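Dear colleague,

I am handing over the structure below, together with notes on what was found in it. Please keep it open beside you while you read.

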Amino acid sequence: MSTITQAWDSLTAQQMRERGSLKWTRWPGTIGAWVAEMDLGIAPEVAEAIKQAVDVGELGYMPDGLLTECERALAAYSRRNYGWDLDPDKIFVVHDVIMALRRILTDFCDKSKPVIVPTPAYMTFLKTIPACGFQAVQVPSIYAEGTWQLDFEGIEAAMSRGASLFILCNPWNPVGRVLTEAELDKVAELSAKYGVPVFNDEIHAPLLLSSEAKHHPYPLRAAADPDLTWTATSASKGWNVPALGAAQLILDGKVRQAWRPIADDVAHHAGPLGVRAATAAFTQAQYWVREVSSYVHENAQLVSQELAKVGLHMDVPQGTYLGWVDCSSLLECGVKGSPTTWLRENAGVALTDGADCGHGYEHFARLNMATGHAIERQTVEQITAAVNKLN
């Protein structure tokens with residue numbers, strides 16, 4: 001056992017509440033397992049980069065050289081991990097992935113055409129689209145052969161009617177799938193066939209839990225048209241620095257040309273501390289995210305096994321640190337209303353309501369498993385004890 005995982009093993013719920021993050025303070029007295037932030041701290045190299053900047057007072061506006069350094073760091077990271085010979089000049093720093101989506105929608109998309117979102121989806125996609133004046137067309141995905149799959153017939157039908165954008169999330173929040181090359185190729189094929197741009201969110205790409213899972217960057221697919229591809233990523237999830245404000249857009253072709261006039265303005269709204277943290281993460285702390293992924297995988301196995309004993313189903317995710325829990329059995333046992341509300345009030349565990357992830361998912365809940373083993377055991381013990389009282 002490494003010293004890193006020893007520190008994670010010693011974490012307690014009380015310590016997390018005293019730390020005071022959103023995940024642990026929204027519903028006092030509960031175990032925070034909803035919003036996508038980790039309880040596992042940050043890599044020492046990332047912490048040192050932030051500390052050095054604070055120590056010398058580098059808290060002013062964004063220097064150009066810092067942006068260049070971050071872009072080169074991401075390019076090198078992509079080359080090492082994906083064999084992607086990515087030109088740093090095709091990387092643009094932004095504040096965060098959702099801010100980038102907002103600018104793409106408002107600056108480059110036709111409001112007369114809807115945005116297609118496969119569901120279950122990351123909740124903020126479904127909020128951002130109408131907030132920017134667009135209709136969201138939800139395409140429910142298919143659960144078959146023990147896994148969630150994109151409904152390509154439904155996606156094609158939606159694209160054939162016209163769309164301003166298609167949202168792709170890989171690894172897939174909230175279900176934890178890592179999409180295959182064949183699935184990505186099908187998305188690219190449909191995008192090209194109907195001329196629908198793809199907003200490709202790869203923010204969870206560093207977090208691969210399964211040894212069999214491999215992340216395939218969407219822009220590397222042969223059928224992916226650079227003119228129709230907006231790719232967003234960030235160190236924020238893999239290295240647990242979501243509040244520092246730094247993400248990256250990877251652009252080529254016409255979308256790169258379109259973005260250039262606003263690139264400097266957008267980049268200087270990012271946080272210098274976030275850019276420094278991302279640079280350190282990409283260059284020095286890949287080992288840390290591997291430790292996190294292995295540790296979360298152990299949590300996920302525990303959760304899946306223990307919840308199954310009381311009739312709750314969760315597939316062990318291939319990527320992300322999020323589990324998608326089918327709580328249908330609670331409704332069959334007489335629970336009224338939202339299972340998520342019931343679990344918070346009766347088990348003392350706060351999860352994300354499945355209804356926020358799309359129509360028809362009211363009986364699901366999203367569970368954040370990026371926490372210490374002891375806290376995860378406490379989580380499943382409280383849930384199983386509460387469910388057992390129903391029987």
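Helix α7 gives the most to the lining of the largest pocket, with three residues. Helices and strands here are DSSP runs numbered from the N terminus, helices being H or I of at least four residues and strands E of at least two. A pocket is defined on a 1 Å grid over the protein atoms alone, as an open set of points where a 1.4 Å probe fits, with protein on both sides within 12 Å along at least five of seven lines, whereas in a cavity the probe cannot get out; lining residues have an atom within 4 Å of a point. The volume of this pocket is about 720 Å³, a volume being the space filled by probe spheres set on the points, which are joined across faces, edges and corners. Of the 33 residues that line the largest pocket, those closest to its centre are V35, A36, Y122, T124 and K237. At least two lining residues come from each of α6 (97–108), α7 (123–131) and β14 (352–353). By class, the lining divides into 16 nonpolar, eight polar and nine charged residues, where Ala, Val, Leu, Ile, Met, Phe, Trp, Tyr, Cys and Pro count as nonpolar, Asp, Glu, Lys and Arg as charged, and the others, Gly among them, as polar.

Before going further, please note that this is a predicted model, in which local features need pLDDT of at least 70 and side-chain atom pairs count only at pLDDT 80 or more, while totals for chains, interfaces and linings use all residues. Residues are numbered from 1 along each chain as its sequence is written, and side-chain values use heavy atoms, with hydrogens and water left out.

Next come the strands. Strand β8 (residues 198–201) is covered on both faces, with V198 and N200 buried on one side and F199 and D201 buried on the other; buried means under 20% relative accessible area, exposed over 50%, and partly exposed in between (1.4 Å probe, protein chains only). Strand β7 (residues 165–169) runs parallel to β8 and is joined to it by four bridges, two strands being paired if DSSP finds at least two bridges between them. Within this pair, C169 stands opposite D201. With strand β9 (residues 229–233), β8 also pairs in the parallel sense over four bridges, and there V198 stands opposite T229.

A separate description applies to an open sheet of four strands, which has the order β11-β12-β15-β14 with antiparallel pairing. Its edge strands, β11 (313–314) and β14, each pair on one side only. Strands β12 (residues 322–326) and β15 (residues 364–368) are paired over five bridges, with W324 opposite R366 and L322 having N368 as its bridge partner. Four of the five residues of β12 are buried.

N299 is buried, with a relative accessible area of 1%, and, leaving aside neighbours within four places in sequence, N299 is in contact (heavy atoms within 4.5 Å) with M369, T371, G372, H373 and E376. Q286, also placed in α12, is buried with a relative accessible area of 18%. Q286 and W239 are 47 residues apart in sequence and 9.0 Å apart in space, C-alpha to C-alpha, and W239 is among the contacts of Q286 beyond four places in sequence, including also Y77 and R80.

With best wishes
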